[in-house]
Amino acid sequence: MAEDPRQPVEEEQVSEQAPTSPPVLTALLLENFSDSVVSHHTNFGDETVVIKREGLLDLFRFLKDDPRCRFDLMIDLTAADYLPREPRFEVVVHLKSIVLHHRLRVKIPLATDEAELDTISGLWVAADWYERECWDMYGIVFKGHPNLRRLLLYDEFEGHPLRKDYDYYLQQPLVPMRKIRERHDYEHKVITPEGPKPLPS
Amino acid sequence: MKRLDSPDLGSEPMVIEIGPAHPAMHGITRFRAELDGEVIVSMEADIGYLHRGFEKEAENSDYIQIIPYTDRLNYVSPLINNIGYSMTIEKLFGIEVPRRAEFARVIMGEISRVCDHLTCLGATAMEVGAMSVFIWFIKAREYLWELVEEVTGARLTTSWTRIGGNANDLPDGFLQMLDQRLAQVSDVIDEGDRLLIRNKIFIDRMKGIGIISKERAIEYAFTGPMLRACGVPYDLRREDPYSVYPELDFEIPVGTVGDCYDRFLVRLEEMRQSIHIIRQAADKLPPGEYRTYHRRAGLPDKLDVYGSIEGLIDHFKIVMDGPQPPPGEVYQAVEGGNGELGFYVVSDGSGRPLKCRVRPPCFNFVAAMAEMTIGHYLADIVPIFGSINMIGGELER
């Protein structure tokens with residue numbers, strides 16, 4: 001009756017850290033990218049690797065092209081904010097291979113003042129919009145992204161709402177109706193941390 | 001695609017804004033298309049008009065309170081969202097759902113899939129001129145929604161699943177009613193089939209329109225009927241089998257070229273397969289419990305609450321703190337009406353998720369709209385956009 005609800009959890013964690021050899025894909029990455037892989041685990045059967053942001057493009061290219069990986073479907077890209085912790089953000093990428101029928105989760109931790117990483121939209125087109133959404137919601141900059149603008153919110157929106165320090169009750173001021181000309185032009189801007197700037201033509 | 005770039009005429013492409021509030025936009029999405037005559041030379045989709053902050057709300061709600069929010073994701077197949085979300089949290093808790101509940105979920109989920117496809121196909125047919133098909137398909141959807149109402153008490157905002165099972169059992173006489181309704185719906189599907197599939201006007205509007213190759217579709221991370229229409233037999237019910245799908249027999253229809261017509265045919269056949277699945281599941285429906293009781297995940301029986309101190313305390317803890325799953329992260333995907341509907345939930349051990357992400361299947365389709373429409377006539381936006389089955393609630397969350 002008085003058992004602690006967290007108790008079975010600790011048991012599970014112990015048993016999860018115990019496996020003697022890492023799963024196949026993790027082992028493959030450890031072998032080829034031992035510098036990049038920070039840690040790995042298997043949580044509820046989902047194979048996960050945590051990697052450094054430096055050299056992530058090579059790793060993702062390997063995951064996409066290597067005959068043992070063949071991750072052709074970039075299922076999802078998102079981020080999570082673990083506020084008091086540092087590194088604060090984690091960019092989470094879910095991959096799936098149609099050919100080899102396996103899945104992998106890749107996580108890239110990012111510090112608060114260095115919330116930027118290379119874009120993977122050059123490898124999978126699907127990443128284009130996912131990265132825009134991620135920038136929109138978390139303010140994580142994807143370097144080299146062709147069109148890093150807000151996706152779900154509007155350009156005048158201030159802040160990034162899914163950050164944990166964004167107040168749940170905060171209301172944004174209404175934006176006045178735009179003139180027709182502006183409505184055509186306003187999209188040709190890149191939103192940078194300093195504010196909107198024209199697209200380099 | 002050449003622009004009219006003769007300097008003497010001073011011609012320039014015409015910019016046309018379609019939407020956000022336009023009948024063919026199936027909700028509120030805005031397209032900004034540049035036209036050369038009637039041909040689209042560039043196009044950009046602007047979404048977010050229906051953004052409701054699902055993830056922020058979810059991070060500030062407890063795990064049970066999120067179930068009603070999931071109804072509003074894909075609002076033409078809400079039950080699949082309920083099921084997907086509940087399965088994710090069950091995976092986090094390590095709860096096994098009773099077999100009767102699994103079969104009931106399969107039945108209700110497939111009913112939802114048929115509803116989803118009926119709406120999509122009916123609306124597409126209407127937009128290219130076949131008004132009566134829309135009315136017939138909506139009539140058929142109504143038969144199914146009455147079934148849904150019978151079980152869940154609501155037509156649209158079902159909130160039917162719970163962590164560890166379903167809110168209630170299938171009611172008495174449901175299977176007979178189901179049998180009768182399925183026969184009616186099959187008839188309507190056949191009628192729609194006869195009316196459209198060999199109809200020249202319809203074929204002219206659909207065939208060869210909005211083609212996307214297999215390679216590009218995979219690059220864009222298409223899933224569901226859109227990917228299957230390109231010829232890739234990727235269906236999560238087979239690929240990563242969940243629930244009791246491995247015990248059921250069904251086929252995965254695939255297309256060949258990946259145009260609007262293929263998508264129409266794939267969805268039409270999928271409805272028949274879904275009906276086949278529902279019939280099998282109804283035959284195999286075992287007796288037993290419709291939910292399992294896990295004292296950290298769901299409310300106990302009222303008899304326990306009023307009859308025992310443990311029940312009362314459990315009830316109090318669930319109401320005050322919410323269910324508290326063990327810390328960890330979990331990704332669970334189900335085959336939604338549009339494709340892979342994934343939930344990525346991070347728990348820190350408290351009563352509220354640290355992160356609750358929905359992987360919306362139609363997000364990628366709208367991202368690929370530009371590629372599918374460029375080079376086509378302006379009027380072709382309508383069947384293309386109809387065939388991707390954009391659902392605003394799911395796309396923009």
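Q: Lys143(A): buried, exposed or in between?
A: Lys143(A) is partly exposed, because its relative accessibility is 39%. Buried means under 20% relative accessible area, exposed over 50%, and partly exposed in between (1.4 Å probe, protein chains only).

Q: Where do these values come from?
A: This is a predicted model: local features need pLDDT of at least 70, side-chain atom pairs count only at pLDDT 80 or more, and totals for chains, interfaces and linings use all residues. Residues are numbered from 1 along each chain as its sequence is written, chains are lettered from A and ligands numbered from 1 in the order written, and side-chain values use heavy atoms, without hydrogens and water.

Q: OK. Which residue forms a salt bridge with Lys143(A)?
A: Glu116(A) does, and the closest N and O atoms are 3.9 Å apart. A salt bridge here is a side-chain nitrogen of Lys or Arg within 4 Å of a carboxyl oxygen of Asp or Glu.

Q: Why does that pair tie separate parts together?
A: Glu116(A) sits in strand 6 (residues 116-118) of chain A and Lys143(A) in strand 7 of chain A, so the pair joins parts 27 residues apart in sequence. Helices (H or I, at least four residues) and strands (E, at least two) are DSSP runs, numbered from the N terminus. Glu116(A) is also partly exposed, because its relative accessible area is 31%.

Q: How many salt bridges are there over all chains?
A: The count comes to 48. One of them joins Arg88(A) and Asp165(A), at 3.2 Å from N to O.

Q: Where do those two sit?
A: Arg88(A) is in the loop between strand 3 and strand 4 of chain A. Asp165(A) is in the loop between strand 7 and helix 5 of chain A.

Q: Switch to chain B. Which side chain meets Arg216(B) in a salt bridge?
A: Glu371(B) does, at 2.7 Å from N to O. Arg216(B) is in helix 8 (residues 214-219) of chain B, and Glu371(B) is in helix 15 (residues 369-373) of chain B. They are 155 residues apart. Arg216(B) is partly exposed at 29%, and Glu371(B) is partly exposed at 31%.

Q: Which element of chain A gives the most to the side that touches chain B?
A: Strand 3 of chain A, with 9 residues.

Q: And how many residues touch across the two chains?
A: 57 residues of chain A are in contact with 58 residues of chain B. Contact means heavy atoms within 4.5 Å.

Q: What about the core? Which residues touch the most other members?
A: Phe60(A) and Ile140(A) do, in the largest nonpolar core, which has 175 residues. Such a core is a set of buried Ala, Val, Leu, Ile, Met, Phe, Trp, Tyr and Cys residues joined through side-chain atoms within 4.5 Å.

Q: Where does the largest share of this core come from?
A: Helix 4 (residues 99-127) of chain B gives 12 residues.

Q: Which residues is Phe60(A) in contact with?
A: Leaving aside neighbours within four places in sequence, the partners include Ile51(A), Val93(A), Leu95(A), Ile108(A) and Trp124(A).

Q: Last topic: positive phi. What is the phi of Asn389(B)?
A: About 55°, although Asn389(B) is not a glycine. Asn389(B) lies in the loop between helix 16 (381-388) and helix 17 (392-396) of chain B. Asn389(B) is buried, because its relative accessible area is 5%.

Q: And Ser243(B), what is its phi?
A: Ser243(B) has a positive phi of about 50° and is not a glycine. Ser243(B) is in the loop between helix 10 (236-239) and helix 11 (260-284) of chain B. At 27% relative accessibility, Ser243(B) is partly exposed.
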